[in-house]
Amino acid sequence: MFRARLATAGDLPDILEMMADFNLGEEIAFDRAVFQPRLDRLVADPGLGRVLVFEVEAKAAGYAIVTWGYDLEYGGRDAFLTELFVRPAQRGRGIGHQALAAAEDAARSGGAHALHLLVRHDNAEALRLYDRAGYRTEPRAVMTKDL
């Protein structure tokens with residue numbers, strides 16, 4: 001049985017464990033001591049976004065992080081799905097589809113008119129999930145500069 005809910009401070013150890021796995025797969029440097037206060041702040045301040053925990057049979061099976069933005073092109077508030085992770089043992093059972101739908105619901109309930117995400121070009125499984133859910137590739141490239 002799948003359940004999605006907002007994360008609480010008590011969920012942080014499980015989420016940080018899953019974040020380590022997510023960032024390893026994304027080839028993003030992960031230092032728990034650096035990420036923990038960032039996650040603490042996001043969980044404590046719904047004005048920044050939402051952190052979701054996905055449970056299967058009452059055990060943490062994944063998580064998502066949705067953060068707020070604002071873009072005139074998308075009607076004002078938009079959101080970014082910065083992380084969506086399902087534990088490997090839970091994959092292939094439709095959990096990713098349910099988790100993505102829960103993240104979309106969280107964005108929508110927070111007033112977002114669009115949900116953006118980044119996906120690695122070599123992540124065929126995620127690309128299929130997002131494509132089936134109606135996501136499209138914009139004709140513009142995402143570019144980033146650390147500030």
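## Helix 3

Helix 3 has 15 residues, and at 1.5 Å a residue they should span 21 Å. The end C-alpha atoms of helix 3 are 21 Å apart, which agrees. All of this comes from a predicted model.

Which residues of helix 3 are buried? They are Ile95, Gly96, Ala99, Leu100, Ala102, Ala103, Glu104, Ala106 and Ala107. An α-helix has 3.6 residues a turn, so residues three or four places apart point the same way. The cover over the buried residues of helix 3 includes strand 1, strand 2, strand 3, strand 4 and strand 5. Helix 4 (124–132) is also part of that cover. Just after helix 3 comes Gly111, which takes a positive phi of about 95°.

Strands of a sheet pair through backbone hydrogen bonds, either parallel or antiparallel. Take strand 3 (residues 59–71) and strand 4 (residues 76–86). They pair in the antiparallel sense, over 10 bridges. Within this part of the sheet, Val66 stands opposite Leu81 in strand 4.

## Salt bridges

Side chains of opposite charge can pair when their charged atoms come close. How many salt bridges does the whole structure hold? The search finds 10.

One of them joins the side chains of Arg3 and Glu55, at 3.1 Å from N to O. This pair links distant parts of the chain. Arg3 lies in strand 1 (residues 2–6), Glu55 lies in strand 2 (residues 49–56), and they are 52 residues apart. Is Glu55 buried or exposed? Glu55 counts as buried because its relative accessibility is 10%, under the 20% cut-off. Arg3 has 46% relative accessibility, so it counts as partly exposed.

Arg120 and Asp122 also meet through their side chains, at 3.2 Å from N to O. Arg120 is partly exposed, with a relative accessible area of 24%. Asp122 is exposed, at 58%. Another salt bridge joins the side chains of Arg136 and Glu138, at 3.2 Å from N to O. Here Arg136 counts as exposed at 61% relative accessibility, whereas Glu138 counts as partly exposed at 28%. Elsewhere, salt bridges that share partners join Arg3, Arg5, Asp11 and Glu55 into one network.

## Aromatic rings

The structure holds 5 aromatic pairs. One of them is formed by Tyr130 and Tyr135. A pair of aromatic rings is described by the distance of the centres and the angle of the planes. For Tyr130 and Tyr135, the centres are 5.8 Å apart and the planes make 65°. Why is this pair edge-to-face? The angle between the planes is 65°, and planes over 60 degrees apart count as edge-to-face.

Tyr130 counts as buried at 10% relative accessibility. Tyr135 counts as buried too, at 19%. Ring pairs also link Phe22, Tyr63 and Phe85 into a cluster.

Definitions and conventions: Residues numbered from 1 in each chain as written. Predicted model: local features only at pLDDT ≥ 70, side-chain atom pairs only at ≥ 80, totals over all residues. Heavy atoms only, no water. Salt bridge = Lys/Arg side-chain N within 4 Å of Asp/Glu carboxyl O. Helix = DSSP H or I, 4+ residues; strand = E, 2+ residues; numbered from the N terminus. Buried < 20%, exposed > 50% of the residue type's maximum accessible area, 1.4 Å probe, protein only. Pairing = 2+ DSSP bridges. Expected span 1.5 Å × (residues − 1). Contact = heavy atoms within 4.5 Å. Phe/Tyr/Trp six-rings, centres within 6.5 Å; stacked < 30°, edge-to-face > 60°.
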